[in-house]
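Subject: Model handover

Hello,

The structure is below, with the sequence. My notes follow it; please read them with the model open.

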Amino acid sequence: MNNIFGLTKEALADALKEYDIPRFRADQIVRWMYQRGAASFDAMDNLSKALRTQLAEHFSIERPKVISRLHSADGATIKLLYEFTDGQTAETVLMRHSYGNSVCVSTQAGCRMGCAFCASTLHGLQRNLTAGEIAAQVIGMADFLRQEGARVDTIVVMGSGEPLENYDNVTAALRLLHEDYCIGLGYRGVTLSTSGIVPGIERLAEEGIPISLSISLHAATDALRSEIMPVNRMYPLADVLRAARAYAERTKRRVTYEYILIRDLNDTVREAEQLAKLLRGQLASVNLIPINPVAERNLFRPDKAAIRRFQKTLEDRRIAVTLRREMGTDIQAACGQLRNRLMEAGL
């Protein structure tokens, strides 16, 4: 039985051809799957009963199951834990902003990057998610929002996993989501976050899809960054910054550097000065993120005064900087936390 969820219209038409099903049927089927929430062929009532029976004999529509759902107290954030057909899980978060609805997407079950502040990597990497599994997270949220007359406006590829280590499936999912027979998501509404996989950044610059690039920096020296982000030993700061500059020049898109503020580790004025020096003259901005503490990591957020000092130091040196609005802390919205909780409970 071939699972067709995640196929493009063209790929589905090719699969149907083997059973002498006309290509135009592919357009009807994908719209049912991606725009109308169909989970079986029986729901596709503009297809004949004979065709629905034929389709069910050869194909399946396998969507991940929601096995846990958490709502923040203010109603602005919803976190889902999806389970895939092999039992692996990944988290997806819906964030309601004044400017629209944003979905944070996972690209791997677990993660192998080993960042010191992150829950996603605690149990290592199980596997890459398929293009269909990545797209399904957004399509599922789109189905939910459609019930209230809303839509997915933007996505951030910032959930569990390193997206540039699953490059082909991630870009295939983005291309599918962009199609008008899917959810018609504009590429300029997509932000992809990487820990700094330089070959992936270079490849993405040549991909021809004008998405925004966000790089997890979190330190302004190789010594400190290697301590908290082991990937820096393979792709040091100079290489990451060179690739980021090339991406900005090629795409004309501003690069955002994410900087998680961790008490007594990278939150002093000295580190802010080092960061400003590092980024001077780049088409870039800094997104400051006070750490969402992970119990197993024993790392803590700075106080408000330290956060403000860090931000002001960057501003005084003419670095564009924002302080991320915190959402969903009461439901463990940081990537990996819900998944780890269920894994440790043996569920």
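The axes of helix α5 (residues 167-178) and helix α6 (residues 198-205) come within 12 Å and cross at roughly 35°. Helices here are DSSP runs of H or I with at least four residues, strands are runs of E with at least two, and both are numbered from the N terminus. The axes are lines fitted to C-alpha atoms, for helices over the stretch in contact, with angles from 0 to 180 degrees between N-to-C directions. The crossing of α5 with α6 is right-handed (the near helix is turned clockwise from the far one by less than a right angle). On the α5 side the contact (heavy atoms within 4.5 Å) is made by Y167, D168 and T171, and on the α6 side by G200, R203 and L204. By class, this contact of α5 with α6 has two nonpolar, two polar and two charged residues (Ala, Val, Leu, Ile, Met, Phe, Trp, Tyr, Cys and Pro count as nonpolar, Asp, Glu, Lys and Arg as charged, the others, Gly among them, as polar).

As for the source, this is a predicted model, in which local features need pLDDT of at least 70 and side-chain atom pairs count only at pLDDT 80 or more, while totals for chains, interfaces and linings use all residues. Residues are numbered from 1 along each chain as its sequence is written, and side-chain values use heavy atoms, with hydrogens and water left out.

Next, the strands. Of the nine residues of strand β5 (residues 89-97), eight are buried (under 20% relative accessible area; exposed is over 50%, partly exposed in between, with a 1.4 Å probe and protein chains only). β5 runs antiparallel to strand β4 (residues 77-83), joined by seven bridges; strands pair if DSSP finds at least two bridges between them. Y82 stands opposite A90 in β5. The hairpin of β4 and β5 has five residues between the strands, and G87 there takes a positive phi near 90°. β5 is also antiparallel to strand β6 (residues 100-104), with five bridges, and a hairpin of two residues joins β5 to β6. L94 has V103 in β6 as its bridge partner.

Last, Q35, which lies in helix α2 (residues 24-35). Q35 is partly exposed, at a relative accessible area of 25%. Leaving out residues up to four places away in sequence, Q35 touches V30, R146, D180, Y181 and C182. The side chain of Q35 also reaches the backbone oxygen of C182 at 3.1 Å.

Regards

Technical notes:
A polar contact is a pair of N or O atoms within 3.5 Å; within protein, one must be able to donate a hydrogen and the other to accept it, and residues adjacent in sequence count only if both atoms are side-chain atoms.
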